[in-house]
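Reader: I have a model open and some questions about it. Can we go through them in turn?

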Amino acid sequence: MPWTTDDIPDLTGRLAVVTGATGGLGIETALALAGKGAEVVLAGRNPAKGADAVARIRSAFPDARLRFEQVDLASLADVAVFSDRMRTDGRPIDILINNAGVMAPPKRRTTADGHEMQFGTNYLSHFALTARLLPLLTAGKARVVQLASIAHKGGRIRLDDLNAQQGYRAWPVYQQSKLAMLMFAIELQRRSDAHGWGLTSVAAHPGFARTDLIANGPAQGGGSLFGAATRLLERFASHSAADGALPVLMAATAPVVTPGGYYGPQGFSDMKGPPGPASVARQARDMDIAARLWVESERLTGVTFG
C-alpha cells in the first residue's frame, strides 16, 4: 500500500520546526505534523501569511499546538535572531524541515548579505540555521530534512562562482542550490556520525508540486519560454502540494529511514506519485566537493558547526 499521512506515527510531545511554512509544501507539511500531535513552529517571513496559516491549521485541528515565528531566510542576521530566540526557549528540537526556497527568478537578485538569492535563501540560510540550532537538534536527537529537487540531477557546484557573479542563468543556479541541499544532507550525516551529534539527516523532494514557487519564479512576467514550458508540463506531470509534501513527511517521520537517504515521488520521471526512496545523481555523492562546499559555506555564512 502507498505511504500516506495515515502512516505518520503519533508525534505528541515532539517539537517540529518548518521553514517556509506559510504556504505551498510548507503549510501542507506543518498541517500534517500538527494533525499527528506535534508542536509545530511555522517559520516564515510574512506575519499576515503566518496568521492565516495558523488559522487554517487550527480550523482543521482546533487543539493543535503551533505558533508562527518570523524569520527572513534572505538575511543571515534574521536567521541568527530567530535561532537565538529558539535557543533561549531551550526546547530540544525533534524535527527540523528546511523547506523555504526561491525558484529561478528571471533576473539575478541578492540577499541582504549580498549572496545570490537562490543560493543564499535555499542553501546558505539553511546551512547557517542548522548550525545555529545544533545544540537543540543534538538534544532532541533530531531528524533533519533538507528540501532538494529533481533539478539537482543537472546541477553542478561552482566553487569558483557560487554566487553567480560571473554570469547569471536562472535554472543552472537553481539546480546548484538544490544539489547543494542534497549534498548538505549527506555530508551532515557523515559529520554527525563522526562527531556523535546523534542526528538523522535526510533529504526529500516533492516532484512537480503545484505551488506558488513557479509563479514567483520562472513564470514571472509570463513571457519566458522556460516559464511557458513549465506551465505546459504542469498540466499533465504535476500533483498537488499535499501530495508533494508526502516525501517530506516520510523523510521526517517514518520510524525507519536511511541516514543520509533521499526520498521523493515514485511515479512518472520522479515528478509525481507515492513517496519512496529517490535516485541520487552521481555528483551529489562527491565527498571531496561536499567537504569543500562545507568549508566555503562556513566562510560565506560566518557560522561553524560544533
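Reader: Threonine 301 first: is it buried or exposed?
Author: Threonine 301 counts as buried, because its relative accessibility is 10%. Buried means under 20% relative accessible area, exposed means over 50%, and partly exposed is in between, with a 1.4 Å probe and protein chains only. Keep in mind that this is a predicted model, where local features need pLDDT of at least 70, side-chain atom pairs count only at pLDDT 80 or more, and totals for chains, interfaces and linings use all residues. Residues are numbered from 1 along each chain as its sequence is written, and side-chain values use heavy atoms, with hydrogens and water left out.

Reader: Where is the place of threonine 301?
Author: Threonine 301 is in helix α11, residues 287-301. Helices (H or I, at least four residues) and strands (E, at least two) are DSSP runs, numbered from the N terminus.

Reader: Which residues does threonine 301 touch?
Author: Leu76, Leu124, Phe127 and Ala128, leaving aside residues up to four places away in sequence. Contact here means heavy atoms within 4.5 Å.

Reader: Switching to charges. How many salt bridges does the structure hold?
Author: There are 11 salt bridges. The term means a side-chain nitrogen of Lys or Arg within 4 Å of a carboxyl oxygen of Asp or Glu.

Reader: Take glutamate 28. Which side chain does it meet in a salt bridge?
Author: That of arginine 56, at 2.9 Å from N to O. Glutamate 28 lies in helix α1 (residues 24-35) and arginine 56 in helix α2 (residues 47-60), so the pair ties together parts that are 28 residues apart in sequence. Glutamate 28 counts as buried at 16% relative accessibility, while arginine 56 is partly exposed at 36%.

Reader: And glutamate 69, what does it form a salt bridge with?
Author: With arginine 67, where the closest N and O atoms are 2.9 Å apart. Glutamate 69 is buried, at 15% relative accessibility, and arginine 67 is partly exposed, at 25%. Both belong to a network of salt bridges that links Glu39, Arg65, Arg67, Glu69, Arg85 and Arg91.

Reader: What separates arginine 191 and glutamate 187 in helix α6?
Author: About one helical turn, because the two are four residues apart in helix α6 (residues 170-195). Glutamate 187 is buried, with a relative accessible area of 7%.

Reader: Now the whole chain. How many helices and strands are there?
Author: The chain has 11 helices and 10 strands. Its radius of gyration is 18 Å, close to the 19 Å that the globule rule gives for 306 residues, so the chain is as compact as a globular protein of that length. That radius is taken over C-alpha atoms, and the rule is 2.2 Å times the number of residues to the power 0.38. Buried residues make up 56% of the 306.

Reader: Where is confidence lowest?
Author: In helix α8 (residues 225-237), with a mean of 56, whereas strand β4 (residues 95-98) is highest at 99. These are pLDDT values, the predictor's confidence in each residue from 0 to 100. The chain mean is 93, and 91% of residues reach 70 or more. Where pLDDT is low, the predicted coordinates should not be read in detail.
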